[in-house]
Amino acid sequence: MSEAAILVVEDEEAIREMLVMALGQAGFTVLQAADAAQAQTVLEHNRTDLILLDWMLPGMSGVEWARRLRKNRRHAVVPIILVTARGEEEDKVRGLEVGADDYVAKPFSPRELVARIRAVLRRSGQHEQEHRIELEGIVLDTEEHHLSIDREPVTLSPTEFRLLAFFMTHPNKVYSRSQLLDEVWGRSTFIEERTVDVHIRRLRRILAEHQRDQLIQTVRGFGYRFSLQ
Ligand code: CA
């Protein structure tokens with residue numbers, strides 16, 4: 001799974017470079033622009049998951065650009081964190097009014113900034129995550145109850161579907177059979193742990209038809225893990 005792509009819009013080169021470095025070290029893909037016009041071009045040509053936007057820019061201000069983005073249907077949902085040197089309550093209110101998702105006042109520590117970015121990404125991703133999960137070419141839509149692997153539709157029983165959805169949202173962690181029963185079947189049900197193995201076997205068989213069965217690993221003595229490389 002690729003890390004989120006952050007577009008840094010900042011006219012002061014030293015600050016921009018510091019941000020690019022700090023966000024890169026935090027594992028983000030970093031895009032950059034020195035003003036709103038450049039930022040617009042970068043946005044048109046790159047997948048952008050969040051915009052870190054300086055308030056005071058030469059030419060069009062960050063606030064004005066944010067306002068325009070919010071009116072543009074294509075980019076209206078990209079989260080924006082506004083950055084300002086002033087840090088007054090009134091600015092904060094104005095920034096949030098134009099549709100920014102958060103507001104950071106200079107000076108800030110890179111660590112604080114990264115935490116704020118992750119929080120905004122989590123919030124903005126929630127809606128999408130509830131419906132659509134995509135990993136390793138597997139796309140699962142929990143609202144439409146639809147699964148495809150390498151763009152081919154795949155049919156699963158409701159239980160296997162829920163099991164796969166659980167694994168895809170909790171990768172690389174080992175779950176015991178009883179944990180899986182709690183999480184996938186629900187705590188109130190009384191089902192033998194053996195049942196889990198039956199459904200895992202069926203799910204693996206279907207994934208094997210698409211060369212994805214190695215994703216579900218048996219961890220001897222513990223349970224199962226959905227393992228991403
Ligand atoms: Ca500036």
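This is a predicted model: local features need pLDDT of at least 70, side-chain atom pairs count only at pLDDT 80 or more; totals for chains, interfaces and linings use all residues.
Asp11 and Met56 link distant parts of the chain, 45 residues apart. Asp11 lies in the loop between strand S1 (5–9) and helix H1 (13–25), and Met56 in the loop between strand S3 (50–54) and helix H3 (62–71). Helices (H or I, at least four residues) and strands (E, at least two) are DSSP runs, numbered from the N terminus.

Asp11 is partly exposed, with a relative accessible area of 28%, while Met56 is exposed, at 51%. Here buried means under 20% relative accessible area, exposed over 50%, and partly exposed in between (1.4 Å probe, protein chains only).

Helix H2 spans residues 36–45, and Ala36, Ala39, Val42 and Leu43 are buried in it. These buried residues fall within an arc of 120° seen down the axis, so they line one face of H2; the arc is taken from the directions from the helix axis to the C-beta atoms. Ala37 and His45, on the other side of H2, are exposed. The cover over the buried residues of H2 includes S1, strand S2 (29–33), S3 and H3, with contact meaning heavy atoms within 4.5 Å.

Residues are numbered from 1 along each chain as its sequence is written. Local features need pLDDT of at least 70, side-chain atom pairs count only at pLDDT 80 or more, totals for chains, interfaces and linings use all residues, and side-chain values use heavy atoms, with hydrogens and water left out.
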